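Here are my notes on this model, as numbered points. Have a look at the structure first, then read on.

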Amino acid sequence: KAVIASDLAAMKEVITDNKNGFLFKSQDPTALADKIVHVLLNPDLSLQVEKNALQLMKDEYSWIAVGNKMKDYYFRVSNNSINAIDNICDDRTVTDD
């Protein structure tokens, strides 16, 4: 089902109004009522928003998507650590005495 949420910062990070959900001005009951009416009067838009939201959840927030993001992060961090160690070693000269 379509999501109607207040326009708090956390909600706006995930929801784009009229694309994958519906946002209304926080602490404004009239804005909420207007948004509910808007959703009810636009069933085709509501259906498209639901489809977009489901696709976003699959692409960005599924276990597979989150796991891939974590894997990429760990590879970046480990590669940066290896590069830093290599740079330190390259800066030193080793001599045999």
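Predicted model: local features only at pLDDT ≥ 70, side-chain atom pairs only at ≥ 80, totals over all residues.

1. Residues are numbered from 1 along each chain as its sequence is written, and side-chain values use heavy atoms, with hydrogens and water left out.

2. Asp17 has a partner: its side chain forms a salt bridge with Lys35, 3.1 Å from N to O (the rule asks for a side-chain nitrogen of Lys or Arg within 4 Å of a carboxyl oxygen of Asp or Glu). The two sit 18 residues apart and link distant parts of the chain, with Lys35 in helix H2 (residues 29-41) and Asp17 in the loop between helix H1 (9-14) and strand E2 (22-24). Helices here are DSSP runs of H or I with at least four residues, strands are runs of E with at least two, and both are numbered from the N terminus. Lys35 itself is buried, at 13% relative accessible area.

3. Now for H2. Its 13 residues reach 18 Å from first C-alpha to last, close to the 18 Å expected at 1.5 Å a residue (that is, 1.5 Å times one less than the number of residues). Ala31, Lys35 and Val39 are buried in H2. Viewed down the helix axis, the buried residues of H2 fall within an arc of 75 degrees, so they line one face (the arc takes directions from the axis to the C-beta atoms). Pro29, Thr30, Leu40 and Leu41 are exposed on the other side of H2. Strand E1 (4-6), E2 and helix H3 (43-61) are among what covers the buried residues, contact being heavy atoms within 4.5 Å.

4. How many salt bridges does the rule give? The count is two. Besides Lys35 and Asp17, there is Glu60 with Lys69, at 2.7 Å from N to O. Glu60 is partly exposed at 32%, and Lys69 is partly exposed at 41%.

5. Lys69 also lies over the face of Tyr61, 5.7 Å from the ring centre (NZ of Lys or CZ of Arg must be within 6 Å of the centre and within 35 degrees of the ring normal).

6. The ring centres of Tyr73 and Tyr74 are 5.7 Å apart with planes at 65 degrees, so the pair is edge-to-face (for Phe, Tyr and the six-membered ring of Trp, centres must lie within 6.5 Å; under 30 degrees is stacked, over 60 edge-to-face, the rest tilted). Tyr73 is partly exposed at 42%, whereas Tyr74 is exposed at 52%.

Technical notes:
Buried < 20%, exposed > 50% of the residue type's maximum accessible area, 1.4 Å probe, protein only.
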